[in-house]
Amino acid sequence: SITDEFSEVISSEILFDKISLVNSSSTDLVHEFNPEIHPAAVKEFTIVAMDKLGNTSQLTIPVDIRRILIKVNIPEEYRVSDNSKFWIFASDEDGSTIDIKEAKSNSTLKLNSIAEFSETDQFALTFIEISGSVNSSQVNDVFTVYNMTKSLPGIINLQPSKEFSGYDFREYSLVGFDYCINLEGSGLDYFTSRNGDTSTGVHTRTPLYNSQAATDEIYLTAFNTCRQEFSYKILDRPIPDQMELNLADFITDGVSNSSLEFNELGLMEMTIHGFKTKEKYNTNSSHLLSRTSYNTQFSTPQIPYFWISGFSDYRHSITINSYTTERKGLPLANYEIPDWTVDHQLSNKTVTISATGTGHSVGKMMVNSISKRNSNYLNWLLVYDSQQTSTLTLPELPDILSPNQLSATFSNNDLEIYQTQVTGYEGILDYDDYLNSIIKDNKKYYDISDKTEAKYKFRETGDPNVTNRPFIVGDYFLYRN
């Protein structure tokens, strides 16, 4: 509302960039301003009022019009450790920084462009968490998503951190276990660590983010590799402080054996996980039921395996050579490996990619430090459109992140590609669908799809002691455990 202390106001006007938006005899002016129809630039509003004596006064308000690239909603439960800094920044296709903001829990963060940005212009979004001290050790977790536009996905809703208690440890004595027996137990909130033939450790933790995710039991499996016999034992939680695990007490109730066929030669590894209820499947609260390793170069294509019946749902994963798949359900009788290929070459922050085949939609690339490849110093995941991308430029590290050890790694080209994969998902049609289905609401693939598979290209180190095994790369940085 516009008033004059000495004389009645008879007209008022709002101008933007010297162009009149509204002119009225009313002193109560209301105008909805849409910045999207005006150029991105620093402009100003001018409000002019005139009284009945002909006197005028004006108020000038500067305004910086920018283009919103994306909004990121960060819940209060999305926690960053006390010795870490968490940043989110956008880069253009040549790697230059467009905008950067420090990310904090319980906030909505907006990244903007000071220049024009059309609906089809693409940018890369990078999440980076730097932990530790620049003068000692640091861990750098980096997650970059390419091929984004202002409307795709337009918004990202991060999910709460999946926090657990620390591990509790119990050591149990073993009876009847020799070198032939593989003893194993693993689930969302527990795992075992065997100490020879005499004892094994059982490590348990509690999911703090959701009490329903906790497992009620622990499954210990015993596979006799010499006699091809399989048995198991169930421990109710909470587990006792002391216990003797006798192989004679392991049971075979519900144990079934089956086989699958792979015509490809190589070392095949397979795991089967079971979920007691649908709710446990939704919270990924699994029990490892079987782990199989078989070299098809020295055997028939028929690969035997064991599993335990009575679970509501199952999920299995298979890896052989440069192929891996993870699927809901028990293993199939045979598998057809897709005719996909992928190759990569990193040179001075630019990655050249070649991929063939149809059916894949998402490319994922792991980048490490060469000099610190055997440490947890750098974990950098790049995600991109595998059907449309032939080159990627690594985003430049904004100056505001300095000082940090990663800047030196970046400027010294101390980087290598650990692996590149092309990935297909059942029910996810293309990369745009992936951005909207997975990235936008920070989901895991199995929330949307029952099957994923990938083909790989590994790093070439020239070191015979370095082995490479493919694995399904999840969007791990976004999930906070």
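Arg170 is partly exposed, at 23% relative accessibility. Here buried means under 20% relative accessible area, exposed means over 50%, and partly exposed lies in between (1.4 Å probe, protein chains only). The model is predicted, so local features need pLDDT of at least 70 and side-chain atom pairs count only at pLDDT 80 or more, while totals for chains, interfaces and linings use all residues. Residues are numbered from 1 along each chain as its sequence is written, and side-chain values use heavy atoms, with hydrogens and water left out.

Side chains of opposite charge can pair when their charged atoms come close. A salt bridge is defined as a side-chain nitrogen of Lys or Arg within 4 Å of a carboxyl oxygen of Asp or Glu. The structure contains 20 salt bridges. One of them pairs Arg170 with Asp241, at 2.9 Å from N to O. This pair links distant parts of the chain. Arg170 is in strand 12, whereas Asp241 is in the loop between strand 18 and strand 19 (244-246), and the two are 71 residues apart. Helices (H or I, at least four residues) and strands (E, at least two) are DSSP runs, numbered from the N terminus. Asp241 is exposed, with a relative accessible area of 56%.

A further salt bridge joins Arg327 and Glu453, whose closest N and O atoms are 3.5 Å apart. This pair also links distant parts of the chain. Arg327 belongs to strand 25 (residues 323-328) and Glu453 to strand 32 (residues 451-458), 126 residues apart. Arg327 is buried, with a relative accessible area of 11%. Glu453 counts as buried too, at 11% relative accessibility. Elsewhere, salt bridges that share partners join Glu36, Arg67, Glu116, Glu119 and Lys150 into one network. Glu102 forms a salt bridge with Lys104, with the closest N and O atoms 3.6 Å apart. Glu102 is partly exposed, at 28% relative accessibility.

A search of the whole structure finds one disulfide, a term for a pair of cysteine sulfur atoms within 2.5 Å. It joins Cys180 to Cys226, with an S to S distance of 1.9 Å. The torsion about the S-S bond of Cys180 and Cys226 is about -75 degrees, so the disulfide is left-handed. Cys180 lies in the loop between strand 12 (168-175) and strand 13 (181-184). Cys226 lies in the loop between strand 17 (217-224) and strand 18 (229-236). The pair therefore ties together parts that are 46 residues apart in sequence. Cys180 is buried, with a relative accessible area of 7%, whereas Cys226 is partly exposed at 47%.

The backbone was examined next. Most residues other than glycine have a negative phi, and most peptide bonds are trans. A cis peptide bond joins Leu152 and Pro153, with omega about 5 degrees. Pro153 sits in the loop between strand 10 (138-148) and strand 11 (155-157). Another cis peptide bond joins Arg237 and Pro238, where omega is about 5 degrees. Pro238 lies in the loop between strand 18 and strand 19.

Asn321 is not a glycine, although its phi is positive, at about 55 degrees. Asn321 is placed in the loop between strand 24 (313-320) and strand 25. Its relative accessibility of 30% makes Asn321 partly exposed. Asn413 has a positive phi near 55 degrees and is likewise a residue other than glycine. Asn413 lies in the loop between helix 2 (405-411) and strand 31 (415-425). At 36% relative accessibility, Asn413 counts as partly exposed.
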